[in-house]
Structures are given as C-alpha cells and as structure tokens.
Amino acid sequence: VENGSFKTLATALQAAGLVETLQGSGPFTVFAPTDAAFAKLPAGTVEALLNDIPRLRAVLTYHVVAGKVEAKDVVKLTSANTVQGSPVSISVVDGKVRINDATVVTADVQASNGVIHVIDTVILPKN
C-alpha cells in the first residue's frame, strides 16, 4: 500500500474483507498485481469483481500462498498451492519467474509476516 502502485489491490482487499487476514501472523507469500496489471483486465472486470465478493475473495486468495517463499525457493518449484485451493504454475522463462501467465517484476519485498512478489498480470483461478 505504501508503494502507491497497488491502489486497486488495496481497494479489492478492503472490499473482500481480507485486509485483517493478510495482516495476521502468517507467514504469507503474496503475488501482488500492480494497478497496471488490473488495468490490463477486460473493461468492467474489476467492477464486476467488486460486486461479486465471493468471486473477488477467490481471485485474491489465488494470489496468496501459505508460508514464506522467497525467490531463491520459488525458482525450484513448478507449482504452489494457493490459499484459494487451486495451484498456480511456476516456471522460469528467459531468466524471469512466471506465475501462470504473470511475470514477477519485483521479487522478495519483505513484509512483517511474509514476502511479496510483484507481478505484472492478475492471475485468475480456472474455476
């Protein structure tokens, strides 16, 4: 939130009632989409999600993995189970870590209860 590039994410977390959860003891690994990532979604998607709290919660928790998984550990994985319940795929393409179709643009942003990896695309669960 302090960074200023995550206003949409902060608004979504507030609407979904997940702020307190993510402020819990954790640890959590969060794949945090930037405002630009949310802007890449089809027109009306963010508004639709904000009006469908169960779906919004599913999308947001799909960006969270229990435990603290730093970049040095992420690159050894091919998938990770999300808090939402579905796994994300993890790959390294041209030296860049990808989470599903998103590229990690900033890794290992340390938080008091885990770590944040900034991604350039909102990842959506299949169901």
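User: How many bridges join strand 1 to strand 7, and do they run parallel or antiparallel?

Analyst: Strands of a sheet pair through backbone hydrogen bonds, either parallel or antiparallel. In this predicted model, strand 1 (residues 28-33) and strand 7 (residues 114-119) run parallel, joined by six bridges. Strands are DSSP runs of E, at least two residues, numbered from the N terminus. Two strands pair if DSSP finds at least two bridges between them. Phe31 stands opposite His117 in strand 7.

User: What is the order of the seven strands?

Analyst: The order is 2-1-7-6-5-4-3, in an open sheet with mixed pairing. Strand 2 (64-66) and strand 3 (79-81) stand at the edges. Each has a single partner strand, so one side of each is left without a neighbour in the sheet. From one strand to the next, the twist averages 30°.

User: At what angle do helix 1 and helix 5 pack?

Analyst: Two packed helices are described by the angle between their axes and the distance between the axes. Helices are DSSP runs of H or I, at least four residues. Axes are lines fitted to C-alpha atoms over the stretch in contact, and angles run from 0 to 180 degrees between N-to-C directions. Helix 1 (residues 7-16) and helix 5 (residues 53-61) pack at about 125°, with axes 9 Å apart.

User: Which residues meet there?

Analyst: Leu9, Ala12, Leu13, Ala15 and Ala16 in helix 1 meet Ile53, Leu56, Arg57 and Leu60 in helix 5. Contact means heavy atoms within 4.5 Å. Residues are numbered from 1 along each chain as its sequence is written. Side-chain values use heavy atoms, without hydrogens and water; local features need pLDDT of at least 70, and side-chain atom pairs count only at pLDDT 80 or more, while totals for chains, interfaces and linings use all residues.
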